[in-house]
Amino acid sequence: MNADERIGANLIWLSEVDSTNTYLKDRMDDPAFSHGTAVFTDCQTAGKGRRGNRWGGDDPKAMNRPGASLALSFLLRGTSVEDMGILPLLAAIAVCRGLKELHPALEFGVKWPNDIICQGKKLCGILCESRITPEGAAGAVCGIGVNLTQTQEELDAAGLPHAISLEIALVGREKTPNAPEPAARAILDAFDQVYGKYRREGFEGLLSEYRERCVTLGKEVRIIRNRETQEGVALDITPLGELACSIEGKVQVIRSGEASVRGLYGYI
C-alpha cells in the first residue's frame with residue numbers, strides 16, 4: 001500500500017456536520033476523496049446508529065457539546081460483500097487497540113458485533129455502510145462514535161442509561177488527554193494495522209484477538225430477530241464474524257445486522 005493510501009493519511013476536521021458517514025458517502029464519486037480519507041467532528045447533528053437508531057439518544061445536543069464526543073468516519077475503496085460482514089468487527093478491534101494506547105489504565109471489550117464496552121457500559125458505537133458508485137466501483141464508509149467527556153447528567157438527559165464516557169471511566173485514575181483529534185488519530189492508526197493484517201491473512205488472522213475482547217461469549221443472551229425473541233448462550237465467533245449460540249439445545253449462527261443481541265440480565 002502506498003503511503004498516501006494509509007488509513008487516515010488524509011484527515012479532515014469538520015466543525016459541524018449532519019453525519020460524518022453521510023458526508024463521505026456523498027463524496028465517494030470525488031477522486032479527491034481517496035481510499036483511507038477520514039473526517040471527524042465533535043458536533044454531529046444527525047448521526048446514525050445500527051438498525052436505524054439515532055446516534056446521540058433522545059437529546060443529541062447533550063452529546064454535541066464541543067469536545068464531548070468524537071464522530072469519526074473513513075472511506076474504504078474496493079470492498080467486497082464479504083468484507084462488509086467483517087468490517088464492523090475489524091473496527092471494534094481497532095477502537096479497543098487505539099483507546100488502550102491512549103488510556104492504558106482502562107480496559108476495553110466488545111459486545112458482539114461492534115459495541116465498545118468499558119466498565120460494563122457502552123462507550124462507542126460503530127456503523128459501516130456500503131455504496132456502489134455510478135461507475136460500478138464498490139466502497140464502504142466506517143463510522144465510529146466515541147463518548148469522550150460527557151457527564152453522567154448529560155448521558156441521563158440523552159436517555160442512555162447503558163452509556164459511559166471516557167471522562168467518567170477515568171475518574172480516580174491517572175488523568176490523560178481526552179480530546180477528539182488524539183482519539184481519532186489513535187483509532188485510525190490502529191485500524192490501518194488491523195486492516196492490513198486482514199488483507200494479508202483474512203479474518204482468521206484476527207479471530208483470536210476478537211474472541212479475547214468479546215464480552216458476549218459465555219453469556220446468556222436474548223436474541224431479537226424478525227420480531228421474535230429467543231434466549232440462549234453465546235458460544236463462539238465464527239471465521240465469518242458470526243455469533244454461534246446454543247438455542248434450545250441446538251447451535252444457531254447469528255449474522256451481524258440480522259438480529260439484536262442483549263445480555264439476559266443486562267446490556268451485556
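At which residue does helix H3 bend, and which proline follows within four residues? H3 bends by about 40° at Leu87, and Pro88 is the proline that follows. The bend at a residue is the angle between axes fitted to the seven residues ending there and the seven starting there.

Before going on, a word on what you're looking at. This is a predicted model, where local features need pLDDT of at least 70 and side-chain atom pairs count only at pLDDT 80 or more, while totals for chains, interfaces and linings use all residues. Residues are numbered from 1 along each chain as its sequence is written, and side-chain values use heavy atoms, with hydrogens and water left out. The helices (H or I, at least four residues) and strands (E, at least two) are DSSP runs, numbered from the N terminus.

Back to H3, which covers residues 81-102. At 1.5 Å a residue, its 22 residues should span 32 Å, and the end C-alpha atoms are 33 Å apart, which agrees. The expected span here is 1.5 Å times one less than the number of residues.

Seven strands make an open sheet in the order E1-E2-E3-E7-E6-E5-E4, with mixed pairing; two strands pair if DSSP finds at least two bridges between them. E1 (11-13) and E4 (109-111) stand at the edges with a single partner strand each, so one side of each has no neighbour in the sheet. From one strand to the next, the twist averages 20°. H3 packs on this sheet, touching E3, E4, E5 (115-118), E6 (121-132) and E7, and its direction makes about 140° with that of E6. Contact means heavy atoms within 4.5 Å, and axes are lines fitted to C-alpha atoms, for helices over the stretch in contact, with angles from 0 to 180 degrees between N-to-C directions.

Inside the sheet, E3 (residues 69-77) and E7 (residues 138-147) pair in the antiparallel sense over 9 bridges. Ala71 stands opposite Gly145 in E7.

Two loops deserve a look. Most residues other than glycine have a negative phi, and most peptide bonds are trans. In the loop between E4 and E5 sits Pro113, and the peptide bond from Trp112 to Pro113 is cis, with omega near 0°. Gln119, in the loop between E5 and E6, has a positive phi of about 55° although it is not a glycine.

Further along come H6 (residues 180-201) and H7 (residues 204-213), whose axes come within 7 Å and cross at roughly 130°. The two helices are therefore oblique to each other; angles under 35 degrees count as roughly parallel, over 145 as roughly antiparallel, 65 to 115 as roughly perpendicular and the rest as oblique. Val194, Lys197, Tyr198 and Glu201 of H6 meet Glu204, Gly205 and Leu206 of H7.

Last, there's an open sheet of 5 strands, ordered E11-E10-E9-E8-E12 with antiparallel pairing. In it, 4 bridges join E8 (residues 220-225) to E12.
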